[in-house]
Amino acid sequence: MRVDDVPFDADPKIVPRLSRRETEVMELIATGRSNGQIAQHLFLSEKTVKNHVNRIYAKLGVDSRGTAIDVWLERASREEPPDYRPCP
């Protein structure tokens, strides 16, 4: 387990932030795209997308795509989107 991994028994009120790439993948998942479609869209291998999806599931404390989407949309409705400004 990596240092930034969240155990499944973590407090559900504390939701860790997704990385920029995980956020991109989760947004595409929420639009209904498959791992293969996400890989093609982001110019990644499908295995890399699967790794991102597994880390997203762990961070959100879910075990399915549908539940991840529900948690993501609920979280998005409560939070302001992250501010990702390009580096100068």
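This is a predicted model: local features need pLDDT of at least 70, side-chain atom pairs count only at pLDDT 80 or more; totals for chains, interfaces and linings use all residues.
A few ground rules: local features need pLDDT of at least 70 and side-chain atom pairs count only at pLDDT 80 or more, while totals for chains, interfaces and linings use all residues. Numbering runs from 1 along each chain as its sequence is written, and side-chain values use heavy atoms, with hydrogens and water left out.

Burial goes by relative accessible area: buried is under 20%, exposed is over 50%, and partly exposed is in between (1.4 Å probe, protein chains only).

Helices here are DSSP runs (H or I, at least four residues), numbered from the N terminus.

The side chain of Glu22 makes a polar contact of 2.8 Å with that of Lys59; such a contact is a pair of N or O atoms within 3.5 Å, and within protein one must be able to donate a hydrogen and the other to accept it, with sequence-adjacent residues counting only if both atoms are side-chain atoms. Beyond four places in sequence, Glu22 is in contact (heavy atoms within 4.5 Å) with His52, Arg55, Ile56 and Lys59.

Phe43 isn't a glycine, yet it has a positive phi of about 60°.

Now the core. A nonpolar core is a set of buried Ala, Val, Leu, Ile, Met, Phe, Trp, Tyr and Cys residues joined through side-chain atoms within 4.5 Å. The largest one has 17 residues, and Val25, Met26, Ile29 and Ile38 touch the most other members. Helix 1, helix 2, helix 3 and helix 4 (65–78) each give two or more residues to this core, with helix 3 supplying the largest share, five residues. Leaving out residues up to four places away in sequence, Met26 touches Leu18, Ile56, Leu60, Ala68, Ile69 and Trp72.
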